[in-house]
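Grab a pencil and have a look at the structure before you read the solutions.

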Amino acid sequence: METKYWQIDGAADLDQNPAIREAAALLREGHLVAFPTETVYGLGADATDPEAVASIYRAKGRPSDNPLIVHLADEQGLSEWVREIPESGGLLARRFWPGPLTLILPHRGNLAPQVTAGLPTVGVRVPSHPVALALLKNCGLPVAAPSANRSGKPSPTRAGHVWTDLGGRIDAILDGGVTGVGVESTVVDVTVNPPVLLRPGGVTLEMLREVVGEVRVDPGLREEGESPRSPGMKYRHYAPGGEMWVITGEGEAQVSRIQRMADEAMQSGKKTGILCTEEHASRYRADWIVVCGTRSRPDTIARELYGALRRFDEVGAQWIAAEGFPPRGVLHSVMNRLSKAAEGRVIDSGRD
Ligand code: TXA
Ligand code: MG
């Protein structure tokens, strides 16, 4: 399949942009279009078209029991697809939409069944990226869109990542540059009281609690052995080709523990990578040092995370140590993604 590739530059009059209009027409005809959102790139299809939705799963190689998020142009369209909006859901939508928040709500049964993987609920969000909004307005459809990566790869934060994973397998890519947040949206189940955080993301737990008071955290996010309520969280997500470790802890203890482990890996002949923030980059020796953001701006760590992880696979690192962080604010979602990538191999350098 030939994949069309359109670069969208500038924010001027996106509603009239010819590429966006053509992409919207493709969606209406049941085709697959990748587009930028403020979190990561999404792979979109008409959420009311069973064939189109089925082709998302095929293109990604995604297990079919993992439901998709439906993207809407605005909150007004919600009641067409959702049966009821609980009070907490209304409050969160008003505060964070358009933006990186997905609400789990009871659906009306008029979306393609593959979108919800047979569940009585659907995940919905209104993204804030201007290209995503222009596309959604132009096509006039609810658009089902998972992250636009091959299943098992990190979510794409640049159009080039989408091209690498899905070029030749989808109909079009809209290139809107680097995404802003860098990790996926926060997923919150508002069908229960108090609401439950199912996936940490661009909107932090602290921000949610400011709006609705109590928010529980899905036990599956915290404890090994519990089965998570968000189906997507149970899958082995991205894991790099090499063996990965995450090392938490304060300054010197963290740096020296990581270096000690990396020295051992190199001595045993492994091609070794270290993932660290700018502050510590000059302190390490390894085959590859990949810098990911700065501690003075935690949002930069989230933004650069997936691109940095992709680097290790590009170079073929066989062993990787990543700096870990106290899981507060947006670093909660960074630590969630890091520990998944490391398949739970997280070490506290403060303990031996
Ligand atoms: O930021 C994002 O959310 C991106 C952009 C493209 O919008 N999309 C994204 O989609 O990350 P995906 O498919 O990679 O992740 C969707 C997550 C999965 O963990 C899935 O299990 C969960 O949302 N989810 C979807 N519908 C659900 C439902 N009805 N109940 C519980 N979890 C649900
Ligand atoms: Mg995904």
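**Exercise 1.** Work out the handedness of the crossing of H10 and H11, then describe how these two helices pack.

*Solution.* Keep in mind that you're looking at a predicted model.

Step 1. Now see who does the touching. On the H10 side you'll find Pro298, Asp299, Ile301, Ala302, Leu305 and Tyr306, while H11 brings in Val330, Leu331, Val334, Arg337 and Leu338.

Step 2. Sort these contact residues by class: nine are nonpolar, two are charged and none is polar.

Step 3. Two packed helices are described by the angle between their axes and the distance between the axes. For H10 (residues 298-315) and H11 (residues 330-341), the angle is about 30° and the axes lie 9 Å apart.

Step 4. Angles under 35 degrees count as roughly parallel, so H10 and H11 are roughly parallel to each other.

**Exercise 2.** Find out how many cavities of 30 Å³ or more there are, and say what lines the second largest cavity.

*Solution.* Step 1. The count gives two cavities of 30 Å³ or more.

Step 1. The second largest cavity holds about 40 Å³ of space.

Step 2. Its lining is made of Leu275, Cys276, Thr277, Cys292, Ile301, Leu305, Glu323, Phe325 and Leu338.

Step 3. Which elements give two or more residues to this lining? They are strand E13 (272-276) and H10.

Step 4. By class, the lining of the second largest cavity has seven nonpolar residues, one polar and one charged.

Key. Residues numbered from 1 in each chain as written. Chains lettered and ligands numbered in written order. Predicted model: local features only at pLDDT ≥ 70, side-chain atom pairs only at ≥ 80, totals over all residues. Heavy atoms only, no water. Axes fitted to C-alpha atoms, helices over the stretch in contact; angles between N-to-C directions. Helix = DSSP H or I, 4+ residues; strand = E, 2+ residues; numbered from the N terminus. Parallel < 35°, antiparallel > 145°, perpendicular 65-115°, else oblique. Left-handed = near helix turned anticlockwise from the far one by under 90°. Contact = heavy atoms within 4.5 Å. Nonpolar A, V, L, I, M, F, W, Y, C, P; charged D, E, K, R; others polar. 1 Å grid on protein atoms, 1.4 Å probe; cavity = no way out; pocket = protein on both sides within 12 Å on 5 of 7 lines; lining within 4 Å. Points joined across faces, edges and corners; volume = space filled by probe spheres on them.
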